[in-house]
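Thanks for coming. I will take this one region by region, beginning at the surface and then going inside.

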Amino acid sequence: MMPLTLLNDDDRQHRLQQFDPRLRLIAALLFAVTVVSLQRLPLLLATLMLALTLAWHIGLRGPLLVKRLLAMEGFMIVLLITLPFSVPGESWLTLGPFSASTAGLERAAAIVLKANSVVIMLMALIGTLEPVVLGHALGQLRIPEKLIHLFLFTVRYIGVLSDEYQTLRQAMRARAFVAGSNRHTWRSLGWLMGMLLVRSLERSRRILAAMKCRGFNGRLYLINRNRWRRRDSLALLMTAGLATTLLLLEQSL
């Protein structure tokens, strides 16, 4: 497969950013529900091609796309190997006492196509959103505020926790710590996790005190409200029409 490269990625990203973030969230959810409802392999292959086309259109390059999919593809390979041997049906391969069924292979292929289609579409539509923009869009869709706060704080301070972890690991290396498969290593790693939790708790208290000094009352207010435009409505209608067409083809084929 040719790499997913573009000549002008900024222009492509700008075209997608012209749409309301809420549209991208709704479209991604509608696409995921539709794909999960499909069973026909040709339709699932078509949805995968659609997701890849959108990813190519916004500039999601091949190496980056493959890198993000590697973790999931490991599970998919295990699924492809094991599922055909666990589903009863007509045998197409026999290895000693084990027999792989055609129905199991088809089911495994359907799961792989569904997972890749949904994940690629989510990366294209939602993964390209800034965390703050995504949080604001979730708020405008009336998602519970506590979940939004948790999401925003996690995105904001996950890098801080990573820095704290690297500091502690550097201190351990300065004391000639070398990880191994022994009791001392596991005890040291346990102390490392404990100190990371203690430092995280202390920092969270300082952050909360600083926020209260700035008038924080337990609620984050939306500063920039997105505007739903006519093109967003048209795009949503097209997405709903595509989803309906796929479901009708699923029933008619």
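Is W92 buried, partly exposed or exposed? W92 is partly exposed, because its relative accessibility is 44%. On the terms: buried means under 20% relative accessible area, exposed means over 50%, and partly exposed is in between, with a 1.4 Å probe and protein chains only.

Before going on, the provenance. This is a predicted model, in which local features need pLDDT of at least 70 and side-chain atom pairs count only at pLDDT 80 or more, while totals for chains, interfaces and linings use all residues. Residues are numbered from 1 along each chain as its sequence is written, and side-chain values use heavy atoms, with hydrogens and water left out.

Back to W92, which sits in strand β1. Helices (H or I, at least four residues) and strands (E, at least two) are DSSP runs, numbered from the N terminus. Strand β1 covers residues 91-95 and pairs with strand β2, residues 98-101, in the antiparallel sense over 4 bridges; pairing requires that DSSP finds at least two bridges between the strands. L95 is placed opposite F98 of β2. The hairpin has 2 residues between its strands, and G96 there has a positive phi near 65°.

W92 also belongs to a nonpolar surface patch made of I77, L80, I81, F85, W92, L93, L95, F98 and L105, with about 830 Å² of accessible area together. Patch residues have over 30% relative accessible area and no salt bridge; like charges are joined within 9 Å, and nonpolar side chains (Val, Leu, Ile, Met, Phe, Trp, Tyr) within 5 Å. The areas come from the Shrake-Rupley method with a 1.4 Å probe, and for residues only the protein chains shown count as cover. At least two patch residues come from each of α4 (62-82) and β1.

Now the interior. In soluble globular proteins, nonpolar side chains tend to be buried together. Which residues touch the most other members of the largest nonpolar core? They are L65, I120 and L125, in a core of 35 residues. Here a nonpolar core is a set of buried Ala, Val, Leu, Ile, Met, Phe, Trp, Tyr and Cys residues joined through side-chain atoms within 4.5 Å. Helices α2 (21-37), α3 (41-58), α4, α5 (102-125) and α6 each give this core at least two residues. The largest share is that of α5, with 10 residues. L125 has contacts with L16, R24, A27, A28 and L54, leaving aside residues up to four places away in sequence; contact means heavy atoms within 4.5 Å. Apart from this core lies another, of 5 residues, including L168, F177, L192 and L196.

L161 is in helix α7, residues 145-174, and is partly exposed because its relative accessible area is 35%. Leaving aside residues up to four places away in sequence, L161 touches L196 and S200. L161 and S200 are 39 residues apart along the chain, and their C-alpha atoms are 7.1 Å apart.

T185 is in helix α8, residues 183-213. At 2% relative accessibility, T185 is buried.

R142, in the loop between α6 (131-140) and α7, is not a glycine but has a positive phi of about 65°. R142 is exposed, at 69% relative accessibility. A176, in the loop between α7 and α8, is also not a glycine and has a positive phi near 65°. A176 is exposed, with a relative accessible area of 66%.

Finally, charges. How many salt bridges does a search of the whole structure find? The count is 3, where a salt bridge is a side-chain nitrogen of Lys or Arg within 4 Å of a carboxyl oxygen of Asp or Glu. One joins D20 and R22, at 2.9 Å from N to O. D20 is buried at 3% relative accessible area, and R22 is buried at 15%.

R199 pairs with E164, their closest N and O atoms being 3.2 Å apart. Because R199 is in helix α8 and E164 in helix α7, this pair ties together parts 35 residues apart in sequence. E164 also meets R203, at 3.0 Å from N to O. Through shared partners, E164, R199 and R203 are joined into one network of salt bridges. E164 is buried at 14% relative accessibility, whereas R199 is partly exposed at 30% and R203 is partly exposed at 28%.
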